[in-house]
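Here's a quick briefing to read alongside the model.

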Amino acid sequence: ELTGGPIRDLNVMVRRGGWYASVRRLLVAGETPIAAVAAQTLVVALDHVAVVSGEPLLAEDALLLARGEGVTLSGSGARAVLVELDPAAGA
């Protein structure tokens, strides 16, 4: 039994030798621009996050961006996870 209450677990699985992944937490306070520098960037909302000029992300919604795309998120301390995926060299 968890002593601190419920948790969320996010697993990112990639083919070994085929892809590289990096995962980082993001706190959306005010307007937060996201620029996709990886081949694929996934924004996973943990809380309600507004998307400037777009549909809002509800908790556990995700937004997929390709390299070169960008989005501006807006929130008041909303949490999200940024997952960046790149193919391995020669893959």
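By class, how many nonpolar, polar and charged residues does the lining of the largest pocket have? The lining has 5 nonpolar, no polar and 4 charged residues. Here Ala, Val, Leu, Ile, Met, Phe, Trp, Tyr, Cys and Pro count as nonpolar, Asp, Glu, Lys and Arg as charged, and the others, Gly among them, as polar.

Some ground rules: this is a predicted model, where local features need pLDDT of at least 70 and side-chain atom pairs count only at pLDDT 80 or more, while totals for chains, interfaces and linings use all residues. Residues are numbered from 1 along each chain as its sequence is written, and side-chain values use heavy atoms, with hydrogens and water left out.

**The largest pocket**
- Its volume is about 190 Å³, taken as the space filled by probe spheres set on grid points joined across faces, edges and corners.
- A pocket is an open set of points, on a 1 Å grid over the protein atoms alone and using a 1.4 Å probe, with protein on both sides within 12 Å along at least five of seven lines; lining residues have an atom within 4 Å of a point.
- The lining is made up of Arg8, Asp9, Leu10, Val44, Ala45, Leu46, Glu60, Arg79 and Val81.
- Strands E2 (40-45) and E5 (70-87) each supply at least two of the lining residues; strands (E) are DSSP runs of at least two residues, numbered from the N terminus.

**How E2 pairs up**
- E2 runs antiparallel to strand E4 (residues 62-66), with 5 bridges between them; strands pair if DSSP finds at least two bridges.
- On the E4 side, Ala66 is the bridge partner of Gln40.
- E2 also pairs with E5, again in the antiparallel sense, over 6 bridges.
- In that pairing, Val43 sits opposite Leu82 of E5.

**Thr41, inside E2**
- Thr41 lies in strand E2 and is buried at 1% relative accessible area (buried means under 20%, exposed over 50%, partly exposed in between; 1.4 Å probe, protein chains only).
- Leaving out residues up to four places away in sequence, Thr41 touches Ala36, Leu63, Leu64, Leu65, Leu82, Val83 and Glu84 (contact means heavy atoms within 4.5 Å).

- Ser53, in the loop between strand E3 (50-51) and E4, isn't a glycine, yet its phi is positive, near 60°.
- Ser53 is exposed, with a relative accessible area of 79%.
- Glu60 is found in the loop between E3 and E4, and it too is a non-glycine with a positive phi, about 75°.

Terms used. Helices (H or I, at least four residues) and strands (E, at least two) are DSSP runs, numbered from the N terminus.
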